[in-house]
Amino acid sequence: MAPIIELQNISRFFGKGDEQVTAVDDISLSIAQGEIVCLVGESGCGKSTTGRIVVDLLKPSVGELRYFGQDIRKMNRQDFKDYRRSVQIIHQDPYASLNPTQTVRQMLTAPLLRHKKASSHTDAERRASELLEIVDLTPVSDFMNKYPHQLSGGQRQRVSVARALTVEPKFIVADEAVSMVDVSIRVSLLNMLSRLKSEFDVTFLFITHDLALAKYFSWEGGRITVMYLGRIVEEGPTSRVITDPRHPYTQALLAAVPEADPELVQKKRHMELRSAEIPSLLALPNGCTFHPRCPYFVPGECDTSAPKLERIPEGGSVACPIRKFESIELIAA
Amino acid sequence: MTVNTQINWQHGTARNAEIPLTLRNVYINYHTRKGNVQAVRGVNLDLYSGESLALIGESGSGKTTLGLGIVRLLADTASVEPGEIIYRRDGVEVDVLGLKSGPLREFRWRDCAMVFQSALNAFNPVLKIWDQVWDTAKAHNWNDRRAVRTRFLDLLRFVQLDPERVIDAYPHELSGGMRQRTLLASALLLDPQILILDEPTTALDILTQRTVIDLLRKLKEEQHFTMIFISHDLAIAAELADRVATMYAGQVVELGPVRNIFYAPRHPYTLGLIRAVPTVTGGFEALSSIPGSPPDLINLPSGCKFHPRCPYATQRCEQEEPGLIKVADKHEAACWHTDSVKADIATNGLRLKKVS
């Protein structure tokens, strides 16, 4: 079967002339139904832009987005409607993404009725209660009549998820969906999302800057795609990318990430970068965009042509021919 | 990127006190229309010279309020009462809460500097960095323009910035990480005895976070700065702290050396936090979250404030509020069931094993 979502050579520019910024630079990504793909990278790497392109909130400047093999721009009306309904997004900020003048009941019943997922108001009501149960907002009667300001951040995010579920999506883009929630509640939100995958066969594109979250969410059978300044630099099965990163940027990220374990902190390898500053999107470096910071920089090679992603036998692909995909030791024995 | 700068640090000299800061039974309330928000409730702390202490807790635990209380920057709706904050320097004890405008301004920045969470808001957007730093110096009666500029340039170099570029820039011309480091440099301008850092790395990218953490470690290990870190992020404590204080509902519920807190916690909330936070390069661990949500600070639960969320809670916890009791050398926890926490770790391991 064709992948549920496929990005083919997608680029997205913002602005014009000298002010033009390349947010996403020729990326291709294919996600099979039932998969979990985590898109990780630092701010400005293009991960959110990519997520918004997937749900068609943004149109790509170049490239095609395919849903079950069909270019969404060439779909007939009915198929396009089906795509729009089946691919949903959960935004980062639960304080901004819910309408402050609507109760939870209104937020959930309106789309149910609009998309004919419920035959009557009573039916919509019943379905809304079921959805609140799925996202663990129980007892349901406590939440139905609440306005967003009466809910905590974690509860709001659960309402966002319930709202996305009203239209029975097959694919959910979760853009930093748990990043703003306190650590003690984060895990239960993540577990709830994982349950959606197993119980309702939802495919996820999980966008985050937090490697620990990506690791936890996709460890079993998922994949991680690492972006840097608009390009994919490495992708592969989560366990491989986390334990044995092969691109110098991924290696630098994993070496740098602060760890909540004092002994691990001491054992971790230190990786010195050539520059602490991230280049401006307005003036991207030539060749590999990581070269001004990369400790393995080879003049005349890294700064001339942009490296292509190449498959590696251990799983996934890496865009760095210079290092020949060498492993490094992240933790001293 | 090694920097060789000769900066004259004075804080290591004899005028320092062994315990530069003591908090005694500090309560801080915010008065709102809905009632009193009890943000900090009865905190007792001694800060030792040269140590770095991390205040760890989630939003609403009172950690930032406590930090603001120490430098007397609380909003008008807040009051510190009762409580005592004692600062020591040159063998003199200062009652911080009694300081009036002039001496208070002296105390802030020169004695005790705070680096705020949001580095963009901490700067005046219409003034160049240098003008703001020069204003600060003048406000503390340091009027030697050339000396101030030289010292600030050295400090910018110390935080690994290009000094000439940054000093004449406007805040918006700097990236988030650069602003955070510029803020750190300006906090160090007057060579404070104590540095308070509120979420120093939150909202920064991983590679930038690492630069800031390494800098702070340099301040700690090479200059023996006395620092208080305020963070929701356990990793900051693991990376930088000598001692950790876990805060919940306005109280310090556990206080101890960093290794005790991470490997032998005795408060259920600390253990809950550790089990909720994954490591990246460590192995894969199952995670569990703490049920429920943080308490309403206007209507606090009876007894132990954590009991509605606590797996070990008994009737006693609902009725009697525990105080900090010694559980090991230099290690205290406020819980009636520290033995149950210990037993839980002995049976199930500190971090939970993977369930498949």
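**Chains A and B: a quick chat**

Reader: How many residues of chain B are in contact with chain A?
Author: In this predicted model, 37 residues of chain B are in contact with 36 residues of chain A.

Reader: Which elements give two or more residues to chain B's side?
Author: They are α8 (206-223), α9 (234-240), α10 (258-263) and α11 (268-276) of chain B.

Reader: Which one gives the largest share?
Author: That is α8(B), with 7 residues.

Reader: And how do the residues on that side divide into nonpolar, polar and charged?
Author: On the side of chain B that touches chain A, 18 are nonpolar, 14 polar and 5 charged.

Reader: New topic. What is the strand order in the open sheet of chain A?
Author: The sheet has 8 strands, ordered β6-β7-β8-β3-β9-β10-β12-β11, and the pairing is mixed.

Reader: Which are the edge strands?
Author: β6 (87-90) and β11 (310-311) of chain A, each pairing on one side only.

Reader: In what sense do β10 and β12 of chain A pair?
Author: Antiparallel, over 2 bridges; β10 covers residues 231-237 and β12 covers 317-318. Glu235(A) stands opposite Ser317(A) there.

Reader: Which strands does helix α1 of chain A lie across?
Author: Helix α1 (residues 47-54) lies across β3, β6, β7, β8 and β9 of chain A. Its angle to β8(A) is about 155 degrees.

Reader: Now the largest nonpolar core. Which residues touch the most other members?
Author: Ala54(B), Leu55(B), Phe229(B) and Ala237(B), out of 189 residues in that core.

Reader: What does Ala237(B) touch?
Author: Leaving out residues up to four places away in sequence, Ala237(B) touches Ala54(B), Ile56(B), Phe229(B), Ser231(B), Val244(B) and Val258(B).

Notes
Residues numbered from 1 in each chain as written. Chains lettered and ligands numbered in written order. Predicted model: local features only at pLDDT ≥ 70, side-chain atom pairs only at ≥ 80, totals over all residues. Pairing = 2+ DSSP bridges. Helix = DSSP H or I, 4+ residues; strand = E, 2+ residues; numbered from the N terminus. Contact = placed C-beta atoms within 7 Å. Axes fitted to C-alpha atoms, helices over the stretch in contact; angles between N-to-C directions. Nonpolar A, V, L, I, M, F, W, Y, C, P; charged D, E, K, R; others polar. Core = buried A, V, L, I, M, F, W, Y, C linked by C-beta atoms within 7 Å. Buried ≥ 20, exposed ≤ 12 C-beta atoms within 10 Å, placed from the backbone.
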